[in-house]
There are 2 protein chains.
Amino acid sequence: MTSSLPAVPDAELLRLDHQVCFSLHAASRAFGGVYRDALKDLGLTYPQYLVMMVLWEHGSQPVKAIGEQLRLDSGTLSPLLKRLESAGLVRRERSAADERSVTVELTGAGAELKEKALPVPRRILAATGLEVEEILALQALLGRLTGALDQAR
Amino acid sequence: MTSSLPAVPDAELLRLDHQVCFSLHAASRAFGGVYRDALKDLGLTYPQYLVMMVLWEHGSQPVKAIGEQLRLDSGTLSPLLKRLESAGLVRRERSAADERSVTVELTGAGAELKEKALPVPRRILAATGLEVEEILALQALLGRLTGALDQAR
DNA sequence: CACCATTGAGTTGTGCACAACTTAATCGTG
DNA sequence: CACGATTAAGTTGTGCACAACTCAATGGTG
């Protein structure tokens with residue numbers, strides 16, 4: 001492990017790192033900005049949109065399952081879901097089978113919102129200026145990266 | 001613009017979008033986690049590390065200049081710099097030439113911290129599991145992406 | 001079956017991101 | 001030179017991320 005790459009001095013690597021971590025940070029925030037604009041009409045934030053997409057695709061689910069798909073813990077999800085609930089988009093119900101578990105389900109308004117969300121992805125795709133193939137390549141690279149980073153902890 | 005890609009239906013695109021935005025979000029957070037571990041010894045958060053790197057590389061600078069390099073505004077930087085100051089790593093001084101401007105400079109402790117930071121990038125690079133060339137390609141792609149996204153707003 | 005470890009959700013506290021705003025200094029134009 | 005526009009920094013308020021914690025329900029083992 002930690003192939004030490006003796007050719008590259010530490011100081012050089014510090015500068016390279018500056019670029020890389022900054023690039024990713026900046027890209028993530030730039031994406032956030034574009035989503036913010038695109039989602040303003042829907043009244044959703046970007047993380048809220050992620051949660052809604054999980055529900056649109058897979059239907060009612062316990063908080064735990066949503067958290068696993070988005071790699072978010074209850075500390076992030078609980079208040080977020082509470083906001084979605086008070087916006088009238090989801091309902092939360094204690095499971096009868098396991099009283100520890102809370103199932104999140106879409107309300108009528110929540111389900112309807114999917115229609116308004118349909119044009120969002122095309123708008124985002126256009127904003128990236130990338131071809132679909134490049135997007136897929138980026139996605140594959142990021143997936144590999146995330147897996148490696150998660151494993152390294 | 002907005003090549004509409006009539007071959008891909010909206011619903012499909014919504015799922016693709018799910019993947020892409022999630023990938024980037026997840027990668028960004030995974031990076032954050034690895035940095036959190038690597039920076040714990042230094043007592044720095046990831047954004048604080050970005051600011052320190054700017055100062056290590058380019059020396060004393062006004063808040064404005066730091067913000068431009070990191071694409072962060074004063075709402076984010078002011079409290080962050082205040083924390084760095086109370087940690088004894090930087091000093092803030094009103095510029096004599098322009099009283100609106102505040103120059104941020106490293107303290108002795110702040111400058112010394114660079115030595116402790118030197119091994120960090122190698123650790124991060126190792127955690128990514130990527131080759132230097134792949135990193136550079138990713139960086140280029142992300143740079144292009146960020147530029148396009150910023151311009152689309 | 002009794003007890004204790006584990007699990008799922010929620011809470012608390014810290015820090016970042018960003019919009020909207022305030023304040024004070026500076027600049028530019030009439 | 002005076003005054004309105006602009007600029008730099010800071011403040012306020014909202015929301016997300018995450019660590020550390022609480023609490024109640026569940027499950028496994030002696």
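Q: What makes the order of the 3 strands in the open sheet of chain A what it is, and which pairing does the sheet have?
A: In this predicted model, the order is β1-β3-β2 (chain A), with antiparallel pairing. Strands are DSSP runs of E of at least two residues, and helices are runs of H or I of at least four, numbered from the N terminus. Residues are numbered from 1 along each chain as its sequence is written, chains are lettered from A in the order in which they are written, local features need pLDDT of at least 70 and side-chain atom pairs 80 or more, while totals for chains, interfaces and linings use all residues, and side-chain values use heavy atoms, without hydrogens and water.

Q: Why do β2(A) and β3 of chain A count as paired?
A: Pairing requires that DSSP find at least two bridges between two strands; 5 bridges join β2(A) to β3 (residues 102-106), so the two strands pair. In β3(A), Glu105(A) is the bridge partner of Arg91(A).

Q: What makes the contact of Ser74(A) with DNA strand C a polar one?
A: A polar contact is a pair of N or O atoms within 3.5 Å (within protein, one must be able to donate a hydrogen and the other to accept it, and residues adjacent in sequence count only if both atoms are side-chain atoms). An N or O atom in the side chain of Ser74(A) lies 2.5 Å from a base nitrogen of DNA strand C, so the pair qualifies. Arg92(A) has a side-chain N or O atom 2.9 Å from a phosphate oxygen of DNA strand C.
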